[in-house]
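Hi,

Here is the structure I promised to pass on.

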Amino acid sequence: MGDADYLATYSMHLAEGRNYRRNENQKRYYNGSGKPGEAVINRKMVRELGLENPVGKVLSYGNSTVTVVGVVDDFHYKSLYQAVEPVVLGAHLPGFDNTLNIRYREGKRQEVLDYLQKYYRDNYMGIMLQYSEYSYTDLYARDVALAKMIHILTVLAILISGMGILAFSMFVVESRRKEVAMRKINGATEWQVVGLLNRGFVRKMLGACFIGLPVAYGLMVYWLQGFAYRVEIHWWLFVLDAGICLLLVLLVSTWQTRKAALQNPVDALKEG
């Protein structure tokens, strides 16, 4: 159910034809002319009915008929876990109660309620105003909570792994000071030493990606299966993730290994 402002209120795109005329709809239903009312349907309804040129088609609607005057793009009026269903939009459609849907800006709730109560008192004396509120974000409360938990765990994992990489790189540099000194004495350059020390970090990082990325892919596929429509998981996202992780590991490890590479080999051998 809706009026002529329904499409604009919910920012719906009219793909074909025009919007229905509310007043014309009402006159046709209640003046006994027998002429069909007007309605707008979505693309899903067009596909379900197999209509090639839907605008102008007359559809049977219970004991009455409606003329399709426009087509809107498919939209979700239920949870994204459910597929888009065929929809007929019209005013005073037979078989429906006159329920009013209102969309209001955040913070305007009480102002809207006051206006509606005054309107009912002035125009519908003796009729009780009943209303219910529902936030569509409640449909995804579980997903919002899951996303927040993932964000928190991700930050914790990055911090813990970052401190672990820093501590491990300091341990490796300290335990291999003599080896670094001997290599520099034998002609190894600074970046050759850094590359040698970082080689172990790269191997460990690639091993972690080899185990973690397939697990992450499986969990993402499992989670997306609950939705009626799913985005495609591109392979390059995993390559990008692995590249970013590898870059961060190399930045932390190089920070420490370069200190060992810059140290005077004589001092390292004396301390040993």
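Below is what turned up, starting with the salt bridges and ending with the helix packing.

This is a predicted model, so local features need pLDDT of at least 70 and side-chain atom pairs count only at pLDDT 80 or more, while totals for chains, interfaces and linings use all residues. Numbering starts from 1 along each chain as its sequence is written, and side-chain values use heavy atoms, with hydrogens and water left out.

The whole structure has six salt bridges (a side-chain nitrogen of Lys or Arg within 4 Å of a carboxyl oxygen of Asp or Glu). One of them joins Arg 43 to Asp 73, with the closest N and O atoms 2.9 Å apart. Arg 43 sits in helix 3 and Asp 73 in the loop between strand 4 and strand 5, 30 residues apart.

Now the packing. Helix 6 and helix 7 pack at about 145 degrees, axes 10 Å apart (axes are lines fitted to C-alpha atoms, for helices over the stretch in contact; angles run from 0 to 180 degrees between N-to-C directions). Leu 197 of helix 7 is among the residues making that contact (heavy atoms within 4.5 Å). Leaving aside neighbours within four places in sequence, Leu 197 also touches Val 172, Arg 176, Thr 257 and Ala 260, among others.

Cheers

Definitions and conventions: Helix = DSSP H or I, 4+ residues; strand = E, 2+ residues; numbered from the N terminus.
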